[in-house]
Amino acid sequence: MSTRPSERDPGEFSRNDALAKAGSRRISAGPGAAKRTGALALATTIAFSGVGAVAVPALLAVASAPAAHADEPGTRLHGVLVQVPPAGAFGDWGMWLGSTLVPNTNGSGYCFEMGEDARFIPGVEGTAAIDWLNVAITDNQADVSTHPALSYLVHEAADPRFNTPWNGVGAPYPNLRDSTDPQLVAIRAQAAQIKAAALGKTGPYTGSAALAMSDNIHGTVTNLSLKSSTGIQVNGVPMTATLTNAVWDGFGASITVKSGETLPAFTAAGTGPVSVAFEGTGPAGTVTTYTIDGGQDVLTGGATAPFSFRSADVQAVLDFQPVATSTAPVYLEEDKALTDVLHVSTSTGNANDWVFADGHNVPVVLDVDWYYSPVELAPSAAVPATAVKYASGTVTASGVGDVTATAAKKTDKPGFYYPVASFKKANQPEALQKYFTGDWAAGFNDPGEQTIVKYQPQVSTKASEIDADGMIHDIITVTGNQDGKELDVVTDLTLTSAAPVKGGVDEAPADAKTIGTVTTKVTGNGVFHSPGVKVPWELVEAKQDKDPTKPANLYFSEKIAATPTTKAWDGKELLPDETVSVGVPKAITKASVIENGKVHDVIEVTGNLPGKELMVSSDLFLTSAAPVKGGTDKAPVDAKLIGSVTTKVTGNGTFNTPSVDVPWEPIMNGKWAKDAAANLYWSEKIAPTDSTKGWDGKELLPNETVPVEKPAVSTQASANGTVPVTVTDKATVTGTVPTGEGVSTSLWWKLYKFGDDTTDSVQAVCQNDFWASKAAVDVTKAGDYTSEETTLTDKGTYGYIETLVTKYTDSTGNAKTAVLHQGKCGEKEESVVGYPKDIPPAPEKPQLQVPDQPAPVAYTGEVTAQQGINAPLLFGGAAVLVAMLAIGGGVYVQRRKAAAMNGAEDTTSGAGDLL
């Protein structure tokens with residue numbers, strides 16, 4: 001604390017002692033006067049880290065202030081005397097290096113003005129911004145062995161003379177920095193350690209922390225950090241941690257922890273934000289100084305500064321309310337699945353509010369009910385009474401996102417379908433209901449919640465129309481406009497010979513001539529009709545006369561000027577939907593199906609002039625030639641004209657021609673009897689007029705051709721059974737069935753018994769029928785037809801033969817019968833077996849033996865079939881006789897045998913058997 005030269009005034013000791021007893025001391029000046037040095041630092045027991053004070057080696061044993069020095073007794077506390085002579089000085093330069101008593105506080109401190117007199121009087125309090133020195137003193141003050149090193153550091157940091165040794169001018173003062181006193185080796189080393197440790201813990205402190213939720217109500221503190229003013233982590237500092245809306249597991253809302261420690265987990269107290277706040281005290285960035293008038297200044301450590309910081313909020317959820325918006329398909333066809341995409345969320349809109357329990361998000365079952373209406377219904381909070389519940393569906397969501405619900409029933413009719421989503425707490429699993437706030441339901445016809453199955457009117461459309469007055473206007477569909485925004489659409493009508501271009505073109509064609517310009521005011525989006533423009537028929541005709549190979553085309557193009565809220569728009573030229581060809585009439589036709597023996601042509605006329613009346617001539621031909629894609633220019637060589645009709649048409653549209661009777665006689669006898677195809681096709685012509693070109697349609701166009709397919713019959717007799725058994729035969733008719741006025745087609749059956757044998761060994765001979773149908777089964781179209789029932793009372797094997805016949809009046813007025821089909825004798829599927837009671841019926845039909853024999857006479861409900869025109873379809877009488885004679889007595893014997901099996905006596909003659 002003080003230094004003196006070696007020559008000292010012995011009387012000075014008693015004088016100083018006396019001053020000390022008086023409570024004050026005064027050190028005289030002069031060559032022998034004591035110079036004060038050192039620094040005082042207030043002792044404190046506060047430590048800001050878990051790092052202990054640096055220990056002083058044994059050679060620095062603490063020495064009490066010796067009585068021989070001039071310092072007042074009791075002022076020196078803990079330290080050592082070191083020799084610190086300045087260069088060029090002489091004498092004893094002993095210096096007290098350690099702690100001393102601070103007059104203001106009666107605590108310990110450190111003096112820091114070498115060469116000044118030490119005065120034990122109170123000073124003026126102040127601060128100095130030496131943050132690391134405050135930490136060094138505070139952390140080590142309790143260990144008195146560190147006081148010499150702390151005193152050294154105080155001089156180094158606060159004493160202006162430490163780094164400015166005495167230069168021989170003025171009164172000399174000690175040179176602590178350059179002293180070679182052996183004690184200073186250890187003191188300096190310890191001081192360096194203390195300073196290095198303190199530099200990492202300077203104040204004030206700042207902190208940060210985060211919270212992490214392990215589920216919806218439990219969480220932990222993560223990334224807890226307390227850092228010094230230099231950004232270094234500081235551990236072991238006490239602080240309080242206080243939770244908001246939660247408690248520490250096993251504790252309350254507030255606990256005391258140390259930085260660097262792992263904190264306990266926490267549990268939320270309710271739904272809402274959770275956060276944690278930390279508070280504590282750390283070192284200040286300053287030391288406390290005491291300026292003593294006329295004497296050494298001293299300083300103390302232990303200055304503190306509070307710190308606090310708070311984590312960001314996390315959300316705790318004890319229960320939540322599932323909600324959803326949804327999007328249904330705008331359009332569907334009939335017999336398609338009804339779906340609704342639910343955009344599921346929470347009522348708060350925060351995905352983190354979805355309860356997470358047992359390792360996963362709580363599942364939510366949502367209901368969707370679909371309602372039907374034939375007309376569009378307005379949005380409403382509740383389902384209107386006119387809406388009829390149509391179907392329902394459910395879907396499960398496991399978090400925020402999209403899920404798709406599907407109705408249990410598909411669409412079945414045109415109209416409007418409205419899905420309404422809802423959540424019902426009572427419909428959830430009982431164990432999960434505690435996690436939900438309550439019920440929820442969407443409104444009716446919320447945005448995106450209308451699906452339309454369109455009604456299907458039959459229409460033909462054009463981008464523009466020509467009315468009966470010769471005016472043409474544009475049909476403008478505006479989309480993308482601002483709702484309620486009024487715009488002017490400027491439309492130009494142009495005449496050209498150029499063909500329309502898919503996607504349009506940017507520039508008008510070279511021959512384009514503007515016919516007229518109109519302006520249409522539109523509001524919002526929708527379909528609007530422009531004012532009409534008179535079609536210049538004289539210009540159209542002139543253009544056609546100039547180049548008959550090219551059509552005259554009128555097309556619209558539109559422009560919309562920019563407004564403050566809409567962009568400008570410039571439409572394309574020559575768009576196909578905006579182009580109308582004029583003056584070149586065409587007929588596109590499609591033949592109808594045969595109905596009631598008649599067929600007509602459906603003519604679609606395009607390109608005709610508005611209001612123009614034309615006569616379309618249609619010829620109906622019969623041929624065996626197949627239709628040709630794109631048609632042919634000439635009729636096939638076998639084409640036979642069946643009939644011609646004339647249809648009056650006006651303008652463009654779809655028209656039906658008068659009907660023509662189907663020519664069954666040449667079809668049955670001229671085509672079917674020869675196994676040739678029969679096709680009816682239409683061909684049209686339009687005669688030229690003074691304003692339209694003539695038109696000659698193609699031959700054999702596929703859409704103009706009606707195939708007339710010869711009917712075919714497949715049959716299936718009823719199942720085998722135990723006699724008595726009732727049996728029938730089912731006939732499936734395919735192809736084209738002749739119908740019409742004076743034309744009837746029917747099925748007839750005969751049933752033959754082949755013998756009493758019920759095995760495959762029986763022979764099928766169809767000469768004497770066992771049973772014949774009494775009435776015709778009328779056949780009007782392709783389909784299934786069934787014979788009358790008959791009962792088999794005797795065992796045996798039986799077989800059906802079916803006959804399909806058409807009765808008609810020929811061209812000469814005579815009634816005729818044509819056999820279109822006759823079954824064969826002994827066909828497997830036409831057999832039926834009547835079993836005796838002691839033999840179980842076999843499910844399989846028998847594979848019968850069929851000997852050579854003449855074909856049975858076709859049964860048409862009469863004794864024999866008509867001949868003449870039907871001869872190509874039937875076996876002639878002579879052919880039957882020759883065939884029967886060819887098999888001779890075999891047939892005769894078989895018939896006798898069949899009669900014997902039936903228990904009847906054969907009384908017919910041989911000739912009768914053959915016929």
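Helix 2 and helix 3 are roughly antiparallel to each other (the term for angles over 145 degrees, with under 35 as roughly parallel, 65 to 115 as roughly perpendicular and the rest as oblique). The model is predicted: local features need pLDDT of at least 70 and side-chain atom pairs count only at pLDDT 80 or more, whereas totals for chains, interfaces and linings use all residues. Residues are numbered from 1 along each chain as its sequence is written, and side-chain values use heavy atoms, with hydrogens and water left out. Helices (H or I, at least four residues) and strands (E, at least two) are DSSP runs, numbered from the N terminus.

**Helix packing**

- Helix 2 (residues 131-140) packs with helix 3 (residues 147-158) at an angle of about 170°, and their axes are 11 Å apart. Axes are lines fitted to C-alpha atoms, for helices over the stretch in contact, and angles run from 0 to 180 degrees between N-to-C directions.
- Helix 2 contributes Trp 132, Leu 133, Ala 136, Ile 137 and Asn 140, which meet Leu 150, Leu 153, Val 154, Glu 156 and Ala 157 of helix 3; contact means heavy atoms within 4.5 Å.
- By class, this contact of helix 2 with helix 3 has eight nonpolar, one polar and one charged residues. Ala, Val, Leu, Ile, Met, Phe, Trp, Tyr, Cys and Pro count as nonpolar, Asp, Glu, Lys and Arg as charged, and the others, Gly among them, as polar.
- Helix 4 (residues 183-199) lies across strand 3 and strand 4 and runs at about 125° to strand 3.

- Six strands form an open sheet in the order 3-4-5-15-14-6, with antiparallel pairing; two strands pair if DSSP finds at least two bridges between them.
- Strand 3 (76-83) and strand 6 (124-128) are the edge strands, each pairing on one side only.
- On average, neighbouring strands of this sheet are turned by 30° against each other, direction ignored.
- Two bridges join strand 4 (residues 94-101) to strand 5 (residues 108-111) in the antiparallel sense, and Thr 100 has Gly 109 of strand 5 as its bridge partner.

**Strand 13 and its partners**

- Nine of the 12 residues of strand 13 (residues 272-283) are buried (under 20% relative accessible area, with exposed over 50% and partly exposed in between; 1.4 Å probe, protein chains only), so the strand is largely enclosed by the rest of the structure.
- Strand 13 runs antiparallel to strand 9 (residues 238-244), joined by six bridges, and Met 239 has Gly 280 of strand 13 as its bridge partner.
- Strand 13 is also joined by seven bridges to strand 16 (residues 304-310), again antiparallel, with Pro 306 as the bridge partner of Thr 281.

**Aromatic pairs**

- The whole structure holds 16 aromatic pairs. Rings of Phe, Tyr and Trp (its six-membered ring) pair if their centres lie within 6.5 Å; planes under 30 degrees apart count as stacked, over 60 as edge-to-face and the rest as tilted.
- The ring centres of Phe 320 and Phe 436 are 5.6 Å apart and the planes stand at 55°, so this pair is tilted.
- Phe 320 and Phe 436 are both buried, and together with Trp 354 and Phe 423 they form one aromatic cluster.
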